[in-house]
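Subject: Handover of a structure and the findings on it

Dear colleague,

Please find below the structure that I am handing over to you. I would be grateful if you read the notes with the structure open beside them.

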Amino acid sequence: MAIKLDKIFDSFSKKSIFKNKIVLQSNYTPETIPHRNEQIKQIAAILAPSLRLERPSNLFLYGKTGTGKTLLVQYIKKQLLERAKKQKVNLSIISINCKLKKVADTEYRILAELLRQLGEVVPATGLPSNQLYKRFVENIDKEKRLLILILDEIDEAVERIGDKLLYNFTRLNSELSRTQISIIGISNNLTFLDNIDPRVKSSLGEEEILFPPYNAIELRDILRERAKEAFKEKIDEGVIAKCAAFAAKGHGDARRALDLLRVAGELAERESKKIVSFEHIDKANEKIERDKILDFIATCPEHYKLVLQAIIQLAEKKEKFFTSEIYSVYRELCAKVKEEERTQRRVGDIIREFSMQGLADLRVISRGRYGRTDEIKLSIYPHIVVKAKEILKESFNL
DNA sequence: GTCAATTCACATGAAAGAGACCACGGTCTAGTG
DNA sequence: CTAGACCGTGGTCTCTTTCATGTGAATTGACGA
């Protein structure tokens, strides 16, 4: 065993094809951000007053995933803080990602996370949230300063907990005597502002900036720049183009493109190749997809697995089927495994979740006199289904 | 033949409950001087 | 007298159930040509 591992470690450490892999990770902030000059200028102009301790307008950024919103805001945050330090301006910027599960996806957790970033110790649960709110207000109002609050992916949070908290935040300035606060909201959902409290909308959207998706050419520039940093050898232009094309086919998601390149690099490395080739991109694309799905399956709760098992069983017999069919197969499975069955209402939600995760295609169809139901289709590749079945089999040791 | 009403079989939404986890303050114990 | 163990209360969070309401087109049946 030891010898075997040694071998693997050797081949691994001997010749990495990466010079600096971090560059390809999504949380990396590069020196330059191509094709976003317009947005940088706008945001910088809007936030500039903060350096004179004047409250900048609230700002709302929206655009699809991987269009550089978060990246850009983090970049400007860094610059602003440096500048503020130099000019001795009491400026604080805290940013949280409202989507992070178990971190900031509820009202309590958002407040707790904010407080933590302000240096307080907050228990994970147990306190009433209005107490946290009070503590938050007290904390930021301790001394005169300007606070910029970056709420990343607020659309996710509002969907879960409503716009009450957001409303409170926008009204916060009237509660504060010393500190001024402004909010930067970031949303992936383009229509997010349309269905929230109009008071919040007008306040939060004092300034709005749209991030359009990158096209293939822009993606190529981004990739080329990062690849130069990340890899030892120069990456073939064709490979980069292919990567870009893959990502552009979606909706111009730069994060995806970078992931693709990184995983392709890892694959090439594992094969002890010096350069990344076309095939690696294809394989990487597949691997990312597969890992995502299998990981979800492996970690999802028991009854999700049972429902999925039911879907897979049905999919072996026919292509499309209805909720009720899944439910009856699911009930049989529950009986077999001696699990208490969930209601159809619940199973319907689980199936919806699967479709969100890209495991199934779900379409509401009306069969006229014969009712209305969901038509479901398994939408994972056969070779992944095989793996999925293994995982499922193992997890309820049938 | 046409057209609106009916009807089916769920979807979808809202609310609320169960049970796990946790903080806090009060009370009870045991150990100390 | 005091530190720590132990309780009860009240809070959040996730998963789930219950109850209520919504929905789109095939079917039905009334109606007029």
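This is a predicted model: local features need pLDDT of at least 70, side-chain atom pairs count only at pLDDT 80 or more; totals for chains, interfaces and linings use all residues.

Residues are numbered from 1 along each chain as its sequence is written, chains are lettered from A and ligands numbered from 1 in the order in which they are written, and side-chain values use heavy atoms, with hydrogens and water left out.

The sheet and its helix

Helices (H or I, at least four residues) and strands (E, at least two) are DSSP runs, numbered from the N terminus. Two strands pair if DSSP finds at least two bridges between them. An open sheet is formed by three strands in the order S6-S8-S7, with antiparallel pairing. Its edge strands, S6 (320–322) and S7 (360–366), each pair on one side only. Neighbouring strands of this sheet are turned against each other by 30 degrees on average, direction ignored; axes are lines fitted to C-alpha atoms, for helices over the stretch in contact, and angles run from 0 to 180 degrees between N-to-C directions. Seven bridges join S7 and S8 (residues 372–378) in the antiparallel sense, and Ile-365 stands opposite Thr-373 in S8. Helix H15 (residues 344–356) packs on the sheet and touches S7 and S8; its direction makes about 125 degrees with that of S7. Contact means heavy atoms within 4.5 Å.

DNA strand B

A residue is near a strand if one of its heavy atoms lies within 4 Å of it. There are 17 residues around DNA strand B, and Thr-323, Ser-324, Arg-345, Arg-352 and Arg-369 come nearest. Helix H14 (323–337), H15 and S8 each supply at least two residues of this surface. Its classes are four nonpolar, eight polar and five charged residues; Ala, Val, Leu, Ile, Met, Phe, Trp, Tyr, Cys and Pro count as nonpolar, Asp, Glu, Lys and Arg as charged, and the others, Gly among them, as polar. Of the atoms of DNA strand B within 4 Å of the protein, 71% belong to sugar or phosphate and the rest to bases.

A polar side-chain atom of Thr-323 lies 2.5 Å from a phosphate oxygen of DNA strand B. Arg-372 has a backbone N or O atom 3.2 Å from a base nitrogen of DNA strand B.

DNA strand C

DNA strand C is surrounded by 20 residues, the closest being Thr-106, Arg-109, Arg-342, Thr-343 and Arg-372. Sugar and phosphate make up 77% of the atoms of DNA strand C that come within 4 Å of the protein. Helix H4 (107–117) and H15 each supply at least two residues of the surface near DNA strand C, which has four nonpolar, eight polar and eight charged residues.

Gln-39

Gln-39 lies in helix H2 (residues 37–47). Because its relative accessibility is 9%, Gln-39 counts as buried (under 20% relative accessible area; exposed is over 50%, partly exposed in between, with a 1.4 Å probe and protein chains only). Leaving aside neighbours within four places in sequence, Gln-39 is in contact with Leu-72, Ile-209, Leu-210, Phe-211 and Pro-212.

With kind regards

Key. A polar contact is a pair of N or O atoms within 3.5 Å; within protein, one must be able to donate a hydrogen and the other to accept it, and residues adjacent in sequence count only if both atoms are side-chain atoms.
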